[in-house]
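I have a new structure open and want to get my bearings in it. These are my notes, in the order I looked things up.

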Amino acid sequence: MMTSSASNKDLALLILEQVENSSSSAKFWEKSLPIVQQFFKLESLVVLQSVPPEWKRVGHAGELPKDPPIQLAAEALDKFAPSRSGTWIALPLDQKQVILMNGSLSDDRLQGLQVMLASIHQIVEGQQQRARRIRRLEKILEITHAWGQSECMQSLLEAMAEAATELLAADRASIFLWDKANKMLVGRPALGIKADGELRIADNTGIVGQVVQTREPRRVGGGMDDNQIARKIDQETGYHTRTLLCVPLIGPQGQCMGAFEVLNKKEGLFTDEDEQGLIELAAHAAVALENTQQWQELLSKHQLLVEEAAEGLQLIGESAVIGAVRSTIRRIADTDLAILVLGENGTGKEIVARSIHYLSRRRDQPFIAVNCAALTETLLESELFGHEKGAFTDAHETRAGKFELATGGTLFLDEIGDMSLSGQAKMLRVLEDKTIVRVGGSQSIHTEVRILAATNQDLGKMVREKRFREDLFFRLNVVSLELPPLRERGEDVFLLSEHFLENFCRNMGRNKPQFSTAAKKKLLEHPWPGNIRELRNLMERLAYLTSGDRIEADDLAFINAGAGGDALHFDFNASLADATRDFQQKYIKQTIENAGGNMSKAAKRLNLHRSNLYRKIKQLEMGIGDEDDDEDS
């Protein structure tokens, strides 16, 4: 029987495996809660999020109770400690989320469960926050690129307001320009407010007036300072404001030009991330508004975002193979050549594609990534080439496709080997003509994009098997860049391990532990079938599961978890002699593969003389090479 701490470690492993494949907090809890329920034999669990004055259910497992004890959840959140009531237990995860459990748990197991779930929840939120940050930066780059095409003040204002509603998932937006002489704020445009899109209010009215006067952002609504919302304006416009976020528009010279306001978050309340996003958007808007002809100012702020996005991309490693990859990237980045990035899953193909983009002259233009494996026949043309309003049943408005959005920049076609033959034909036509026609339209639209493609498949073999068009293959494969698997990068595994572990430990607020010599040896010997993605997952687990200042080889006991076909499996119906023989065959074969086929190295790792290793191979009838064929060079 396992101890409580060992059981909690096993549970943590099972839950951490759900992190990578969860695109949202809700998805994570959907996969994780049933594991917790089964592990502790609980009747039901439900994760609640405080969205004042209401509670939102994020996920649940077991039979969902009609009336969960909300008051118990509120009590746990207020004192940020577990609370009990009958068979119900409430555990706070952060300042907003609580997990309610119906069942029996001792105080010791409850304390361990709280620490574990809170830490894993922090990892999930941190990972998703970083992903949202990168997506927001890239979205702002797209938006500001579009603004650069406009010379009309009114159309520019409308584009800014529409961008804010899209970026922050809000219902409406207004840009208020400050008419200081007349002490008025002019909302231009005030989306959905009036037919002429203009709203005039005194410059000391409501939240917008406060923001202009104090030059400080404000968030209200949803139970937070609701009484400060200007209901008189709601009455005049016939609109009901539930939540509001407003930030000042500060010009390049430090002057307050007005305020940028978004209304009614479509789900929940406006967050700290939303506020930061609107502040960044407002900084660009203020520059563009001051003078639509002063492109240098806009470019300067735009460039800061480019630099920040580029800094987030690192090709870590000092091995010869990764050095060759870096050298090739530098040579081909600032060309317009089509590049095919090859490599196993998890080797960092998209990181390389983004690096190529940000090292090129196109770095100030959009980088648009498309997962070709996710494009069905019915969606392919609409997603890539766009559609006109009314082109099909759900085409409620005209929409630009990925080729148009990437104009001037880079279009990254990931998993290109999974595109259907008919999709390949359409793609080839666009690449040759450099023009697209939206679905339901007739006008040819010129596009000027650089194409980067990636795949983990053997396209040459697919061409021979008639599963990939030869002409498209040659069009995409002007330059090929093959990424080495992690097992071929030698001691790069240590540099990557230190990099990932340091980041995860920093996010958790703990000191980074050091690897023992035995642990380093185990890292080096592992074949890494999941490559860098697998290593990153392992470091995330170690950051949580190890508590000391040193990582030993025993701490890597789960290193082969999820290794798939390379893991050792046993036939428990076999005799001990047969099972032993089977294990020795597999173990020797795996060791030789890990040593890159070098029999001397394999023998040393097995603590055998090389001649004895060959003798053992012959005894086991493994059929692996002759001793004379061994090359140790």
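This is a predicted model: local features need pLDDT of at least 70, side-chain atom pairs count only at pLDDT 80 or more; totals for chains, interfaces and linings use all residues.

Entry 1: I started with E14, which pairs in the parallel sense with strand E17 (residues 450-455) over four bridges.

Next I asked myself: are the two faces of E14 covered or open? Both are covered, with Thr410, Phe412 and Asp414 buried on one side and Leu411 and Leu413 buried on the other. Five of the five residues in E14 (residues 410-414) are buried.

**Entry 2: the antiparallel sheet.** I then turned to an open sheet of five strands, ordered E2-E1-E5-E4-E3 with antiparallel pairing. From one strand to the next, the twist averages 20 degrees.

I looked inside the sheet too: strand E1 (residues 44-51) and strand E5 (residues 97-102) run antiparallel and are joined by six bridges. One pair I noted is glutamine 49 with its bridge partner glutamine 97 in E5. Helix H3 (residues 70-79) lies across E1, E2, E3, E4 and E5, at about 35 degrees to E4.

**Entry 3: salt bridges.** How many salt bridges are there? The count comes to 24. I picked glutamate 388 and arginine 438, whose side chains meet at 3.5 Å, N to O. Both sit in loops, glutamate 388 between helices H12 and H13 and arginine 438 between strands E15 and E16, so this pair ties together parts 50 residues apart in sequence. Arginine 438 is buried at 18%, while glutamate 388 counts as partly exposed at 25% relative accessibility.

Arginine 475 is in helix H16 (residues 470-476) and glutamate 432 in helix H14, so the pair links parts 43 residues apart in sequence. Glutamate 432 is partly exposed at 45%, and arginine 475 is partly exposed at 37%.

**Entry 4: the end of H14.** Last, I checked aspartate 433, which belongs to helix H14 (residues 421-433). Its relative accessibility is 46%, so I put it down as partly exposed.

Conventions
Residues are numbered from 1 along each chain as its sequence is written. Side-chain values use heavy atoms; hydrogens and water are left out. Buried means under 20% relative accessible area, exposed over 50%, partly exposed in between (1.4 Å probe, protein chains only). Two strands pair if DSSP finds at least two bridges between them. Axes are lines fitted to C-alpha atoms, for helices over the stretch in contact, and angles run from 0 to 180 degrees between N-to-C directions. Contact means heavy atoms within 4.5 Å. A salt bridge is a side-chain nitrogen of Lys or Arg within 4 Å of a carboxyl oxygen of Asp or Glu.
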